[in-house]
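Please open the model in the viewer and show it as a cartoon.

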Amino acid sequence: MILIGHRGLAGLAPENTPASFRTAAAHGLSMVEFDVRLSRDGVPLVFHDDTLERTTTGAGPVADHHWAAIAGLDAGSWFAPAFAAEKVPSLEQVLRLCLELGLAVNMEIKPDPGRETATAEAALALALGLWPDGAPPPVVSSFHSACLEAARRAAPHWPRGLLAERLPADWLGQARRLDASALHLDHRFLEAGQVANARAAGLAVRTYTVNDPVRAALLREWGVAAIFSDYPHSS
Ligand code: G3P
Ligand code: MG
């Protein structure tokens, strides 16, 4: 079972910042997850929330701000004063950093309403342009099927993960339609039988966000392929 750093390694450094990805690599993780959304002027950037308040010195919806303004914000002080120099990174910065650090990536596409296709297309165009042929391709995931459809059109050969809190009733049909290779599910609602059924259908199960090593051990027994965690505990 693989341990995927959640938002970099969000328990030990401010989420989705360069420090978070460097911390994941420093703890020996091989893969990280991060969230991709668009600025007002269409720049793909790595940020979780719809709004800036919780994790930056800014305020208001990310989608209302131009990239130049977002890039100047302090994205680390909220976590600890030592991280005051951390900024919101662009997707390009994060992809280049992960390549430099040798981290495999899961790009979660997190669109604002109405920008599902645009967000996925911008992220995929950028990633396709800089990702080396020889490197393991990014896993693209989203809660939004329109994002995965756009990802499939842009990069049919890159793996896709169908992301949901609870296993959808028509999970197999959705996965087949999107040509997804994995289900990314909230572990709080996951059941052993669901993992077995997914595996029998040829789908890997990755589950978020698992910060309890005892829970991680049980999920491993169930046959989960990977957990997303905020911490580098052994899995
Ligand atoms: O991609 C797994 C997980 O990150 C989904 O939830 O809200 O942390 O992006 P969230
Ligand atoms: Mg995420």
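In what follows, buried means under 20% relative accessible area, exposed over 50%, and partly exposed in between, with a 1.4 Å probe and protein chains only. This is a predicted model, in which local features need pLDDT of at least 70 and side-chain atom pairs count only at pLDDT 80 or more, while totals for chains, interfaces and linings use all residues. Residues are numbered from 1 along each chain as its sequence is written, chains are lettered from A and ligands numbered from 1 in the order in which they are written, and side-chain values use heavy atoms, with hydrogens and water left out.

Select the magnesium ion (ligand 2). Glu 33 (OE), Asp 35 (OD) and Glu 108 (OE) coordinate the ion at 2.0 to 2.2 Å; donors are N, O and S atoms within 2.8 Å of the metal (3.2 Å for Na, K and Ca), and sites may look incomplete, as water is not among the atoms. Along the chain, the donors have the spacing E-x1-D-x72-E. Glu 33 and Asp 35 are both buried.

Four of its five residues are buried, so E8 is largely enclosed by the rest of the structure.

Ala 182 lies opposite Ala 204 of E8.

Thr 207 has Ile 227 in E9 as its bridge partner.

Definitions and conventions: Helices (H or I, at least four residues) and strands (E, at least two) are DSSP runs, numbered from the N terminus. Two strands pair if DSSP finds at least two bridges between them.
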